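Have the coordinates open as you read.

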Amino acid sequence: MRSPFPSIPDRPGLVALALASLLLLGAAGDIAAPLLPAVPILLALSLLGLGAGLVLARRRPGAGWPRGLSGACAILALGFGLLAALQHLAGTGRGFLAARFDAPAALQDALIGPSPGTPREAAELRAALALPDASLRPRPASADEFLYNALLLRARDEPVRAALSLAEALRRAPEPRPDAMLLQAGLLAGGLPAVREALSDPPASLSPSARAHLAALALPPAGRAAALAELLAREPDRLLLAADLARALLAASLPQGPTIATARRIAAALDLMEDADRAEPFAAAFLDPAGPARLGQELADLAWVRDVATRRLGVAALAPPPGMPNAPILVRVTPPEPATAVQFLRTVDAQGEVWADIPQRTDDTREAARDPVPTLRLMRPHRVQPMRFRYLDRDGVASDPVEWTFDPAQAMRDAAQRALQRQGAFALYQPGRVARDRLNPLPIAGQFRAGLAAVEWFTDADGRPRSVAVGIPDEAVLAGEAQRTLVEFSVPQGARTLFLAAVYADGSRSAVAELPIR
């Protein structure tokens, strides 16, 4: 049985005619899409012609024209069906060609007009978006209606159709709403090639600031953050730039997370968003009534960066244990994050500040274990001196300098106090009478006197506290020449117990020691 369809070699002229008709009628029907569903009508007519040709071919098997009709209609039906599918994916109501290319869009506006329908008011669209079963606008006629469709399509997880509708909304609005800018950033973050293609070229009708903003959103995270920071410096009142900058800085810092310097930049951007005078008009510009709250919650989730931004370099002086007067005092500088270098200010010359790296031991030795962080070793003679420290983070950004005063006497007092607290201030003392009203004295070694201010004592016989000063001045601490001293006890004859407490150099007190008198 012969096929009712003509082969292409048999009817080359007919095939060429069918393809030309497909191109002309398809383009015309696509341009007329805002006025009437021309492509679906052409598809239906092609299917009718195909059916009629098949029926006639069966009834008149000897005639060739029914087979030619059915073949031509098959080509037209296939082409119009594909075009209808593309129009549906475009989702803009303008047809496929006008949604994707500027020249057909300009021709369509010239022939039909830019507003083929009656635009909905923004208040109506806001109310519709708040409904759980909001429906798409079948023939959007304004930037807000295209944005409304784009928001719904994005919520329905149709990113390509949402991008096409958003592109049309941007083409119609010189100053896009915050929803449009946020939606563009979200769609581009998905990484779909079709989405990126639809939104890659900002329309020429946009204002220069909006066009630059959209162009920045299309960049990779690091370039995006730099571009947005430059725009925000020029236009500090555009709150959406601050929000996008905070998100871009965080994205650029992944996977390690933000450095402290980056966290401070994010925190500064968040502070701009909290300006009440600018927040209210900014929220009123949204088309989606839930948009401001959603953005606010997203930024509130970044509040943890404020804690990161407050971290600072730690500096501590560690004097040697008592009895080692010639050993160096260690100044340990602990960065709050991984650092490529830790530095101190060596001097200031005509060219400015001169910073020097603080060494850190990395060898596997006992001495290296005692210096787990960058450490300066300061030898005698010691003096009180102001010092400045900083570090370079993993990106090579210098932290804010930390001002710190090196107080060697205080470091030695702290070391002596720690030694006394470890061994106990009265661990080796046993009170005993050497006369009726006098006990053997309590010896205080000179090397420990830097950690003590006084010794307080009383007995069970009278309960009257006495205090004996045993501290020494800073000059004696620095010289390391404190002499041994004795604490004398004159007690009532009936006393059986001596109670002692140490007052340390920092003003704290030890627990009261209860010692029986022999």
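This is a predicted model: local features need pLDDT of at least 70, side-chain atom pairs count only at pLDDT 80 or more; totals for chains, interfaces and linings use all residues.

The partner of Arg172 is Glu168: their side chains meet in a salt bridge, with 2.9 Å from N to O. Both residues belong to helix 8, where they sit four residues apart, about one turn of the helix. Is Glu168 buried or exposed? Glu168 has a relative accessibility of 3%, and because buried means under 20%, Glu168 counts as buried.

How many salt bridges does a search of the whole structure find? The search returns 21.

| Salt bridge | N to O distance |
|---|---|
| Asp144 and Arg177 | 2.8 Å |
| Arg161 and Glu158 | 2.9 Å |
| Arg172 and Glu168 | 2.9 Å |

Asp144 lies in helix 7 (residues 143-155), while Arg177 is in the loop between helix 8 (159-172) and helix 9 (178-189). The two residues are 33 residues apart, and the pair links distant parts of the chain. Both Asp144 and Arg177 are buried.

Arg161 and Glu158, which also form a salt bridge, can be compared by their accessibility. Arg161 has 12% relative accessibility and therefore counts as buried. Glu158 has 26%, so Glu158 counts as partly exposed.

### A nonpolar patch

Now for the surface. Which residues form a nonpolar patch there? They are Leu35, Leu36, Ile41, Leu45 and Leu48, and together they have about 490 Å² of accessible area. One of them, Ile41, is placed in helix 2 (residues 38-59). With a relative accessible area of 42%, Ile41 is partly exposed.

Next comes an open sheet of three strands, in the order 8-9-12, with antiparallel pairing. Strand 8 (433-435) and strand 12 (485-490) are the edge strands, each pairing on one side only. From one strand to the next, the twist averages 40 degrees. In general, strands of a sheet pair through backbone hydrogen bonds, either parallel or antiparallel. Strand 8 pairs with strand 9 (residues 438-444) over two bridges, in the antiparallel sense. To see this pairing residue by residue, look at Arg433, which stands opposite Leu439 in strand 9.

### Around Glu456

Our last stop is Glu456, found in strand 10 (residues 452-459). At 23% relative accessibility, Glu456 counts as partly exposed. Which residues does Glu456 touch, not counting residues up to four places away in sequence? The contacts are Arg466, Ser467, Phe499, Leu500, Ala501, Val503 and Arg509. Among these, Ser467 is eleven residues from Glu456 in sequence, and the C-alpha atoms of the two are 4.3 Å apart in space.

Notes:
Residues are numbered from 1 along each chain as its sequence is written. Side-chain values use heavy atoms; hydrogens and water are left out. A salt bridge is a side-chain nitrogen of Lys or Arg within 4 Å of a carboxyl oxygen of Asp or Glu. Buried means under 20% relative accessible area, exposed over 50%, partly exposed in between (1.4 Å probe, protein chains only). Patches are made of residues with over 30% relative accessible area and no salt bridge: like charges are joined within 9 Å, nonpolar side chains (Val, Leu, Ile, Met, Phe, Trp, Tyr) within 5 Å. Accessible areas come from the Shrake-Rupley method with a 1.4 Å probe; for residues, only the protein chains shown count as cover. Two strands pair if DSSP finds at least two bridges between them. Axes are lines fitted to C-alpha atoms, for helices over the stretch in contact, and angles run from 0 to 180 degrees between N-to-C directions. Contact means heavy atoms within 4.5 Å.
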